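Work through the exercises below. Try each task before you read its solution.

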Amino acid sequence: MGQTTHRSAAIRDGLGVGLAVGLSGLAFGAAAITAGLGVAQACVLSLLAFTGASQFALAGAVGAGGDLVAAAAGALLLGGRNTLYGLRLADLLRVRGPRRLLAAQGVIDETTAVTLAQPSPEAARTAFVTTFTSLYVTWNLTTLAGALGTSFLGDPGMLGLDAVGPATFLAILWPRLAGSAQLRWLAVAGAAVALCATPFFPPGVPVLLSAVVVLAVLVR
Amino acid sequence: MTLWWAIAAVCAGCYVLKLAGLAAPRRVLDHPRVRRFAELVPVALLAALIAVQMFTEHGELHFDPARAAGLGAAVVALLLRAPFLVILATAATVTALVRVFIG
């Protein structure tokens, strides 16, 4: 394949993933309002934090009436994986100065997956820009739509929207669990630690404690 | 800490975490412990989040049959390789339906 074909394939991949995944901003908007955040708060998170799992985690912990420091810490721990994505992408993107400051906002699960799947550095850069742009625009528009829609609905529990957060996490987790027995064991142990800790700690803290299981696996 | 401060902290922190990766020296990634930790932490945290949101309420263990049915439906949708939004819609619909019938 020539360079042009690589790049148009990269644009197609990027737009496809960006638009499809961006639609789940609807779910975040709905989950945020269900948890008690305002429409503006949901939109600021999508505009500035722009990393789905952390946003859902903060909303979920707030909804559970959790301690805000623990809620924010949980969201940031989840955001830590973007640092590792950035390490992987730095060589490919080769951005400096103001462009690096802009590109950083786009370093998330989906852009990394599409970018690393490309056959050449040029196609990778095209894929990154396309995925980031289409996902950013869609995610923010659908967050607004989901938040406004839900705030007009009244009781979100009647629509089963409280199940959307856990289902989202499960869908993110699923491909990793499918490939590894060790990760399945880790997931079960993490869930068990969080549930056992729940009666004894303020909400938000049990989720953080599950990270202790990771240390146990690493030390082993 | 008010909710807006928590949101500001998460927004600023998430951005700094992303930028740190792009700006860090190359050799950091070559450390196997760092790679391993990055792979494992999200798995434990996401599983814990699912458990806490499914089976606790206001800091106590609590079983909600409607929500459990919704997550069960999501598992079926995942096994059938349904698209992301279909999985979420299935979970919400089943939860809502069970709630209507059980009350």
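**Exercise 1.** How many residues does the contact take from chain A, and how many from chain B?

Start with the ground rules. This is a predicted model, where local features need pLDDT of at least 70, side-chain atom pairs count only at pLDDT 80 or more, and totals for chains, interfaces and linings use all residues. Residues are numbered from 1 along each chain as its sequence is written, while chains are lettered from A and ligands numbered from 1 in the order in which they are written.

Step 1. Count residues in contact (C-beta atoms, placed from the backbone, within 7 Å). Chain A gives 83 residues and chain B gives 61 residues.

Step 2. Find the largest share on the side of chain A. Helix 5 (residues 68-93) of chain A supplies it, with 21 residues. Helices are DSSP runs (H or I, at least four residues), numbered from the N terminus.

Step 3. Sort that side by class. It has 59 nonpolar, 19 polar and five charged residues. Ala, Val, Leu, Ile, Met, Phe, Trp, Tyr, Cys and Pro count as nonpolar; Asp, Glu, Lys and Arg as charged; the others, Gly among them, as polar.

**Exercise 2.** Which residues in helix 9 of chain A meet helix 4 of chain B?

Step 1. Name them: Val164(A), Ala167(A), Thr168(A) and Ala171(A). Their partners are Phe84(B), Ile87(B), Leu88(B), Ala91(B) and Ala92(B).

**Exercise 3.** Where do the domain bounds of chain A lie?

Step 1. Domain 1 is 3-160, and domain 2 is 179-220. Such bounds come from an automatic or database domain assignment.

Step 2. Their C-alpha centres lie 25 Å apart.

Terms used. Contact = placed C-beta atoms within 7 Å. Helix = DSSP H or I, 4+ residues; strand = E, 2+ residues; numbered from the N terminus.
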